[in-house]
Structures are given as C-alpha cells and as structure tokens.
Amino acid sequence: VFLGNGPSGICLSYLLSGYIPYFKRDCLHPHPILQRKLEEAPDVSILDQDLEYLSEGLEGRSHSPVALLFDTLQRPDADFGGTAESVLTWWHETDRAIPHLVLGRNAPGGAWHSIEGSMVTLSRGEWMGLPDLPFKDWLKQKRRGLRNNRATAEDIAQYYQHYVVKKGLQKNFRCGTVVTSVRKVTAENISNHAQEDLRENSDSLWNFNEKSTEVFQVDGFFKTVKGDKEPFSIYAENVVLATGTYDSPTWLGVKGENLSYVHHQLSALEEAVRNNSIGIMSDPVLIVGAGLTAADAILFAHHCNIPVIHVFRRRVSDPGLIFNQLPKMMYAEYHKVHQMMKEQSADCAGPYECYISLPEHHVLSFGKDKKCIFQDKNGYQKVYKISMALVLTGSNPNLSFLPNNGIDLAMDSDQPVNPKRNPIDVDPFTYECTQEKGLYALGPLAGDNFVRFVQGGALAVASSLLKKANKNPP
C-alpha cells in the first residue's frame, strides 16, 4: 500500500506494474565509469543490479546516490543543458508485477492539483516527466511548447493524470481516500476473513500460524460521490509513505496569527483579488517569507498593482537564500523579486512602486485592528496597517496517522519530521525506514524535494520489494 499519489507514488506504481528498465544496447552514456559498469551486465535489468555499485562516484544536485543514478540514466547530461536521450529501454514483464494500492486524497498527481494552475514551475519542464513518457512529447500533442523551458502547474497535474491512464495504472489507484492510522499488528490479531484476503492478494508466503508474523493495518475512509465517509481497513506487508509536505503550512507562532485576515496559503490572495476585496487602493498586503512561494505572491500582487510589505529574517545577500542559487537567465522573474528585495527597503525608496522590503525583520504580533508590529535585528520596532497577511514560510508533512506523528522515524527522533532539516531516516539504497522494517518513505519525506530526484527513491523501493517478493530472475 502506498500513501500518496503524487509523482513518487505514480513512478513506483509504474515500476511495480512490471515495467522493467534495461540499459539500451549501443547507447553511450557521457559518464565513462558508469558506461563501463552498465556494459558489464547488459542483460540484467537496472532493478536487479547492485544500485550501490552503479551509483558510486556520481555527483549532482541531490544527496541521494540512487536519485542521481536514475536521473542520469533518464537525462544523461541534464545539468549541462544537454538534451541527450535516456539510455534506458523499458520492457513490460507482467510476471514480475507486484499487487499494490495507491491511496490519495486527490486525482493522481497529488499536491499538483492544489497549486494555482498558472504558476510556472521552478524546474525545467522536461525534468518534471516520469519514466518512458517525456513531458515535452506530451506537450507537443497538446500543440503547446514550454515557456522559457518551464511548465505550468496545470500542465503538470494533467500530465500526471494522463500518465496513469496511458500506462494502464488506474486499477491500482484509489482517489478520494483519507488515511487515519497506520500501525503494526500481529497476524493473530487479524480476523480470519482478513487473513484469507491477505493470503489471496499476497505474493510471498506468509505463515499465519506463526504468532510473530506482523503486518501493517491501514485504516481510513473513502469519500463517496454523495459526500459520505466509507471506512476501510487494509492489511499489507509493506507500506510506502509518499505523502509529500504540502499538507500543513508553517505558522510563526505569534499573537494574533489566528485572526481572519492572516492566511498561510497563496490561494487566499488570489481569492481576495477575484472577490475584489483587495485592490490598488487597499492597505498593503503583508507577505512573510523569502522562498519561492513568497516570491510568487509578490509577483502576483505586483501584476495586480497591489501594494506589498515584504518581511523576512535573512539578509538579502545570504547565500542560503534560494534567489542566490538560481541562474539569472533561466529565472528572470525571481531575479526581479530579488532585485526588489535589495533595492526597495523601507529606509530608501527604490524604482519599484507599491513594494517595501524589510530584510532581517520578524513579526511580533498581528492586531485586531489589522496593525502589525515588526522588529528588526537591533530590536527597533515598526508598525504598519495592512489589509491582509500571507505567512509563506514553508510547510510541514502531516503524519498524524502514524504513532507519535512519525517523529520516531526521523533522523533526529526528538524533533518533528521536516523535509529539509529532519527527514525520515531511510536506507539510501532501499528507502526502507531504519526504525521500522516494511515501512518505506519516498520524496520530500526522505529528503528528495524535486520531482526529478524522487524517482530514484521509487527505483530503490521497487528493487527492494522485488527482492522481498522473490521476483528477481534467476
């Protein structure tokens, strides 16, 4: 059972449906050592090879060796601006399929359905694609091209839905499901009826007479068309956590943050503009944060001529700021926001109207009268009257369905799971949780934050599950 039907879950479903990757004969990979390794066993699928051996020595924009391996096999020279074709060929070997279910709240594509459709992705469009169906080929069928090599969120959400249908994966997907609990149970605690079901659907031979046998019980409910909640319980030998991090926006934890004019999602600004509840003559909108979502909010407000006060804790020149890591040519609009942050502080008027930047400031409180108090690094305070506030400082995964919110699974088991600072502790070559055998974590939960790199985790999980199910060729 997989929890989450975003790109990680879709990719893993493809691999477990019997689609097996092999090195394409007569292909030449630009990495000579990897090429030599691939030539050593051309008839053995990538899933059945030693992933640690193949990925050794690879470098790139991910800390995961398997993510780098699968990425370089699909996009051999992507980091150098090249467009070399994948060195993989895919064979459909139905006898190697492993029965599985993919549970998700939305349609296939996960959180991509919750993002404003016109938003342009940070990554290049071709990096958003899944195995054996290039994103740009799908866009061509729609008679559309990529804007600046980048795609809109709406395109990506549609592409993921199309992928599931095109690859015949729909039977594995259950949309409109909410999981409320995942816990380990011993076989003796499962009803006879459930044991029969599990035996029929299971490929490995479980001996249910052994009292020590443990499986996962996954509880939750389906949302029916009428809006009713239909409960379910599923028993599974392995569970894959692929729920992403879009669930729970980060709060500042300051006084007044629960007031009705303080929001934690960009969609609130779009809705206010649509309803004409804010406009050119309004008090400024406060935007808190210095990441890409905050930048998207600034660009949106700028486009609508809505005045903005922008508050963030870091220095503008801080190398950790995402804007200082993006190539200017490819990300012109984000570079413009960065310029505004630099040149338009409250102390000196700059060329951009309707925007004030307050670097190295933080919010002290939100008042009922819509007056907001900020403090700078020297302890000086400022007060501004605003129309609405958007706190866009990141989001956290919602793992309330796990015992202790999944904290025991994290690298630092004293802190909540966080994709950047404290991901779930997994084996780098199987993505199985080190603290709980049979439980796997993929994507942002395991520290892989780009679609391009989540797919290596799916490769690692599929390789591990095939070994467990004894579905490896002799």
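Strands here are DSSP runs of E with at least two residues, numbered from the N terminus. The model is predicted.

**H361 and strand 17**

H361 belongs to strand 17. Its relative accessible area is 7%, so it falls under the 20% cut-off and is buried. The side chain of H361 makes a polar contact with the backbone oxygen of P359, at 2.7 Å.

Strand 17 covers residues 361-366 and also holds F366. F366 pairs with Y261, edge-to-face. Y261 sits in the loop between strand 12 (248-249) and strand 13 (262-263), so this pair ties together parts that lie 105 residues apart in sequence. Y261 and F366 are both buried.

**Aromatic pairs**

The whole structure contains nine aromatic pairs. One of them joins Y159 and Y160, and its planes stand at 55°, so it counts as tilted. Both Y159 and Y160 are buried. The geometry of two pairs is set out below.

| Pair | Centre to centre | Angle between planes | Class |
|---|---|---|---|
| Y159 and Y160 | 5.4 Å | 55° | tilted |
| Y261 and F366 | 6.3 Å | 80° | edge-to-face |

Y159 and Y160 also belong to a cluster linked by ring pairs.

A charge sits over another ring: K37 lies over the face of Y53. The distance to the ring centre is 4.8 Å.

Strand 1 spans residues 2-3, and strand 4 spans residues 102-104. Two bridges join these strands, which run parallel. L3 has L103 of strand 4 as its bridge partner.

**Helix 10**

Helix 10 runs over residues 332-343, twelve residues in total. From first C-alpha to last it reaches 16 Å, close to the 16 Å expected at 1.5 Å a residue.

Which residues of helix 10 are buried? They are Y334, V337, H338, M340 and M341. Viewed down the axis of helix 10, these buried residues fall within an arc of 155°, so they line one face of the helix. An α-helix has 3.6 residues a turn, so residues three or four places apart point the same way.

Note on methods: Residues numbered from 1 in each chain as written. Predicted model: local features only at pLDDT ≥ 70, side-chain atom pairs only at ≥ 80, totals over all residues. Heavy atoms only, no water. Helix = DSSP H or I, 4+ residues; strand = E, 2+ residues; numbered from the N terminus. Expected span 1.5 Å × (residues − 1). Buried < 20%, exposed > 50% of the residue type's maximum accessible area, 1.4 Å probe, protein only. Arc of directions from axis to C-beta. Phe/Tyr/Trp six-rings, centres within 6.5 Å; stacked < 30°, edge-to-face > 60°. Lys NZ or Arg CZ within 6 Å of the ring centre and 35° of its normal. Pairing = 2+ DSSP bridges. Polar contact = N/O pair within 3.5 Å; in protein donor to acceptor, adjacent residues only side chain to side chain.
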